[in-house]
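Visitor: Could you walk me through how to read a fold like this one? I would like the general idea each time, and then the case at hand.

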Amino acid sequence: MSRSIRAITAAVAALLLVTSCNSAADSGSSGKAGSGAVRGVTDDSVRVGGIVSMTTSTGYSKKDTDLGAKARFDRANAEGGVGGRTIDYLGAEDDGQDPAKNLAAARKLVQQDEVFAVAPMSSTTFSGADFLQQQKVPTFGWGTLPSFCGPSYLYGFGGCMVPTPGGTISQTWPEGLKKVMGGSEGKSVAILANDSDAGTFAIRTYQQSFLSAGYEVTYAKAAVPAGSVPSDWSAYTKEILRSDGGKAPDAVVSVMQTPYNIGLFTAVKRTGYQGVLSDPTDYDPALLAKDATAKALDGVHVLTQFQPFEQDSPDVRRFRADIRKAAGKDVQLNMHMMTGYMSADLFLAIARKAGRNLTAESFQEAAKGFSDTGTLVGDRAEPKGQRESFGCGALVQLKDGTYVVSAPFTCYSPIPFT
């Protein structure tokens, strides 16, 4: 990994205390599941495990990511597996959204469980990235961390979502909001993030993105403490709602997780604000179980970088059926399930191209020229996806307890990151 990529990774993921890892068994070592030639690969199976933040200090959980991966692997096995082998999915390790635990989980999966691949990896921290890259472990997750942008063995299921030097910025969010707001000309936007390295980088990125799309950005700050949700939001709302020449902006955009969004949007609504509210997090029907949460998020337009569940397409119907079968009952769909499902799906697609002779090297060779079209995340291609996002997405709005599509799933051309 280059010095520039490593620096950005440390900034966004806040991994300043965990920047190196020791070497271990290489990818060619024999594995517990192995035939003695390739770690995690036998004549009839491929061993895969995941890393997911199932528990966190704020109560935010990505546990359903594990169910999504299981659903996709289950279907693959029912269809005969890949290259004549079934997928032996071990489930996901819980990293607790803790850098030390993330690295420990990566080490366990490789050194003890001896997996061929890690899918999914879903956390706000990815201190295990260097280790997995060094050990030549194909790893799949949501490319919202810069660790997925550049390293040859790490793959974002929607591509690289975080701009890197010489890379691009996806325009899905501001372009989607144009459809909600009737264009960007004369429209103002305020952007708020946590006071952290990750938040600072997010502000830099989205400020450029919205400006390029033609909006006036009247406020862009990483100001909210990252360690705890404020009980009083008045200091932020006063500044935001006076940012457009003394009046409120046309849209307030939050680049934060659900507990913060609930507090911010509740406070903004109490002022009588009538503009657009938007975030990239709160597409989860489970959030509606609590009246206060549903009320806080009502009217919010949420960015999704995949086909929304409300979109009646063959792919969405198949996703819904796969989740139901894996869960053993009807369950509410959420974005975490999609993260696990599409992480597994990209791994399977490349492994299928690699064929029967599955090694770390043959997998990488297959990835170099991989492409397909019309998936739940749009058209995919590698190694393009390790440099930029696939550029597709939608907006859904929560209205009276139900999500509706407010900007249909569309692919947009990215812009250069400067």
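Guide: Let us start with contact, which means heavy atoms within 4.5 Å. In this predicted model, among contacts between residues at least 6 apart in sequence, 69% join residues at least 24 apart.

Visitor: Before going on, what should I know about the numbering and the model?

Guide: Residues are numbered from 1 along each chain as its sequence is written, and side-chain values use heavy atoms, with hydrogens and water left out. Because the model is predicted, local features need pLDDT of at least 70 and side-chain atom pairs count only at pLDDT 80 or more, while totals for chains, interfaces and linings use all residues.

Visitor: How many helices and strands does the protein have?

Guide: Helices (H or I, at least four residues) and strands (E, at least two) are DSSP runs, numbered from the N terminus. Here there are twelve helices and 16 strands. The radius of gyration is taken over C-alpha atoms, and the globule rule is 2.2 Å times the number of residues to the power 0.38. The protein comes out at 21 Å, close to the 22 Å that the rule gives for 418 residues, so it is as compact as a globular protein of that length. Along the principal axes, its C-alpha atoms fill a box of roughly 70 × 45 × 35 Å.

Visitor: What share of the residues is buried?

Guide: Buried means under 20% relative accessible area, exposed over 50%, and partly exposed in between (1.4 Å probe, protein chains only). Buried residues make up 59% of the 418.

Visitor: Which residues does Ser122 touch?

Guide: Ser122 sits in strand β3 (residues 117–122) and counts as buried, at 4% relative accessibility. Setting aside residues up to four places away in sequence, Ser122 touches Ile51, Val52, Ser53, Lys62, Thr65 and Thr339.

Visitor: And where is Ile240 found?

Guide: Ile240 belongs to helix α7 (residues 234–240), and its 1% relative accessibility makes it buried. Beyond its neighbours within four places, Ile240 is in contact with Ala190, Leu192, Tyr219, Pro249 and Val252. Of these, Leu192 is 48 residues from Ile240 in sequence, yet 8.7 Å away in space, C-alpha to C-alpha.

Visitor: What covers the buried residues of α5?

Guide: In helix α5 (residues 172–181), the buried residues are Thr172, Trp173, Pro174, Gly176, Leu177 and Met181. Their cover includes α6 (197–212), β9 (251–255), β10 (276–279), β11 (301–304), β14 (392–399) and β15 (402–411). After α5 comes Gly182, with a positive phi near 75 degrees.

Visitor: At what angle do the axes of α2 and α10 cross?

Guide: Axes are lines fitted to C-alpha atoms, for helices over the stretch in contact, and angles run from 0 to 180 degrees between N-to-C directions. Angles under 35 degrees count as roughly parallel, over 145 as roughly antiparallel, 65 to 115 as roughly perpendicular and the rest as oblique. The axes of α2 (residues 64–78) and α10 (residues 314–327) come within 8 Å and cross at roughly 100 degrees, so the two helices are roughly perpendicular. Leu67, Gly68, Lys70, Ala71, Asp74 and Arg75 in α2 meet Arg318, Asp322, Ile323, Ala326 and Ala327 in α10.

Visitor: Which residues make the contact between α10 and α11?

Guide: The axes of α10 and α11 (residues 335–354) come within 12 Å and cross at roughly 100 degrees. Arg318, Phe319, Asp322 and Ile323 of α10 make the contact with Met337, Met338 and Tyr341 of α11.
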